[in-house]
Amino acid sequence: MLKVLIPTIMLFPTIWLASPKWLWTTATAQSLFIALVSLSWLKWTLDTGWTASSAYFGTDPLSTPLLVLTCWLLPLMILASQNHINPEPVNRQRLYIALLASLQTFLIMAFGATEIIMFYIMFEATLIPTLIIITRWGNQNERLNAGVYFLFYTLAGSLPLLVSLLLLQQSTGTLSMLVLLNSEPMLVNSWGHKIWWAGCLIAFLVKMPLYGVHLWLPKAHVEAPVAGSMVLAAVLLKLGGYGMMRIMVVLDPLSKQLIYPFLVLALWGIIMTGLMCLRQTDLKSLIAYSSVGHMGLVAGGILIQTPWGFSGAIILMVAHGLASSALFCLANTSYERTHSRTMILARGMQMIFPLTAVWWFMANLANLAMPPLPNLMGELMIITALFNWSPWTIALTGAGTLITASYSLYMFLTSQRGQTPNHAINLSPFHSREHLLITLHLAPMALLVAKPELMWGWCY
């Protein structure tokens with residue numbers, strides 16, 4: 001654990017002491033080194049257990065894929081942000097990279113925590129750098145409104161969780177995941193315990209987000225700079241899914257009766273957000289709503305609490321993190337050239353940037369879960385687990401899959417095909433940096449096709 005956490009903390013002196021000329025190079029090189037070191041976490045023995053590095057930190061096969069994803073994303077965020085942060089004063093550039101590094105530090109400590117209260121504190125700490133990135137470096141005036149939505153939705157969901165955790169500590173005497181994993185289920189049936197159950201889950205469902213409490217996400221995504229969108233889509237939403245997986249162990253007997261309204265919302269959300277995507281004109285908004293639909297499927301897989309559901313959820317979380325982050329990078333490259341996120345104004349780009357059209361096509365295929373990509377594997381496992389739980393769910397999940405394919409193709413055809421508009425002149429060519437960036441998103445997905453057990457080793 002410390003082999004990654006200490007170099008991440010050492011990024012701060014690197015960022016503030018590096019010469020302005022070499023600032024981006026050194027930050028990217030060190031973060032890429034951290035990402036490569038984190039890959040060593042993927043080598044575990046197949047007896048599913050914790051590898052604890054101290055009393056409060058440890059990794060297990062559930063947190064490892066998300067930890068590696070977090071570390072992999074920092075160099076990509078730094079690469080993606082270079083163009084639009086470069087014109088700013090050097091100290092502001094340093095602050096921006098330092099905020100990204102602090103976000104990675106909090107996320108590593110959240111995914112690596114063995115105490116639930118430690119996880120909660122880090123879960124809340126990620127709010128601060130994300131909020132600053134959105135409200136300081138966002139594109140439009142509405143960024144303050146988006147920041148307020150983001151902050152208050154998350155806080156309103158998180159405060160009941162804090163009270164619920166304190167009550168859990170009072171009744172069991174511990175909040176260690178290692179101990180709670182083996183504790184007796186709480187056989188309780190009063191109204192107070194049902195409210196406690198909801199308090200434990202609502203914070204994570206808001207973070208995922210569940211359809212109905214998702215309004216903060218499209219606003220935050222549309223207003224955030226590219227790195228903010230990337231980290232929100234790829235890792236911060238996964239905090240919600242990870243937290244649900246951890247807390248469901250404790251909530252067991254009550255969950256059998258109480259999951260129905262949440263499950264209905266999650267599955268209905270897949271259809272509704274898919275239909276919203278078909279009506280979007282804003283490119284980033286479309287990608288943001290597609291994230292809500294995918295995370296609804298993840299929430300469904302986690303709520304039914306079967307090994308297949310859990311495995312599918314972790315695979316889909318990792319695969320969706322890479323695919324949606326790649327789409328946000330591509331949307332940003334288009335925005336930097338045309339200065340518009342409206343798809344109809346930035347259409348026909350295939351004629352000007354043919355290689356980029358290939359990246360768009362591959363990222364869209366990943367988003368619509370094309371075989372043999374891990375997105376399909378995750379979706380199929382969750383859909384199968386839900387069908388086994390109740391055959392009626394196939395109507396919602398099947399329709400959701402069809403709509404996902406429709407809006408992914410709609411996004412590709414609108415942005416890449418057709419006649420290039422007359423105002424699209426004097427567009428700067430693509431840089432190797434941007435091709436490298438998309439390659440580093442799509443290459444891990446190709447590798448996971450070859451070795452999927454890296455993501456689902458915990459269910460052996």
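Gln305 sits in the loop that joins helix H15 (283-303) to helix H16 (307-338). This is a predicted model, and in it the phi of Gln305 comes out near 55°, a positive value for a residue that isn't glycine. Gln305 counts as partly exposed because its relative accessibility is 23%.

His339 has a positive phi too, near 55°, and is likewise not a glycine. Its place is the loop between H16 and H17. With a relative accessible area of 61%, His339 is exposed, since the cut-off for that class is over 50%.

| Peptide bond | Omega | Loop holding the proline |
|---|---|---|
| Met208 to Pro209, cis | near -10° | Pro209: between H10 (191-207) and H11 (216-223) |
| Pro371 to Pro372, cis | near 5° | Pro372: between H17 (354-367) and H18 (374-389) |

On to the helices. H4 runs over residues 64-85, and its 22 residues span 31 Å from first C-alpha to last, close to the expected 32 Å. There's a bend of about 25° at Leu73, with Pro75 following within four residues. H4 is also mostly covered, with 20 of its 22 residues buried.

Ser408 belongs to helix H19 (residues 393-416). Its relative accessibility is 1%, so Ser408 counts as buried. Leaving out residues up to four places away in sequence, Ser408 touches Asn364, Asn367 and Leu368.

Ile6 lies in helix H1 (residues 2-9) and, at 46% relative accessibility, counts as partly exposed.

Key: Residues are numbered from 1 along each chain as its sequence is written. This is a predicted model: local features need pLDDT of at least 70, side-chain atom pairs count only at pLDDT 80 or more; totals for chains, interfaces and linings use all residues. Side-chain values use heavy atoms; hydrogens and water are left out. Helices (H or I, at least four residues) and strands (E, at least two) are DSSP runs, numbered from the N terminus. Buried means under 20% relative accessible area, exposed over 50%, partly exposed in between (1.4 Å probe, protein chains only). The expected span of a helix is 1.5 Å times one less than its number of residues. The bend at a residue is the angle between axes fitted to the seven residues ending there and the seven starting there. Contact means heavy atoms within 4.5 Å.
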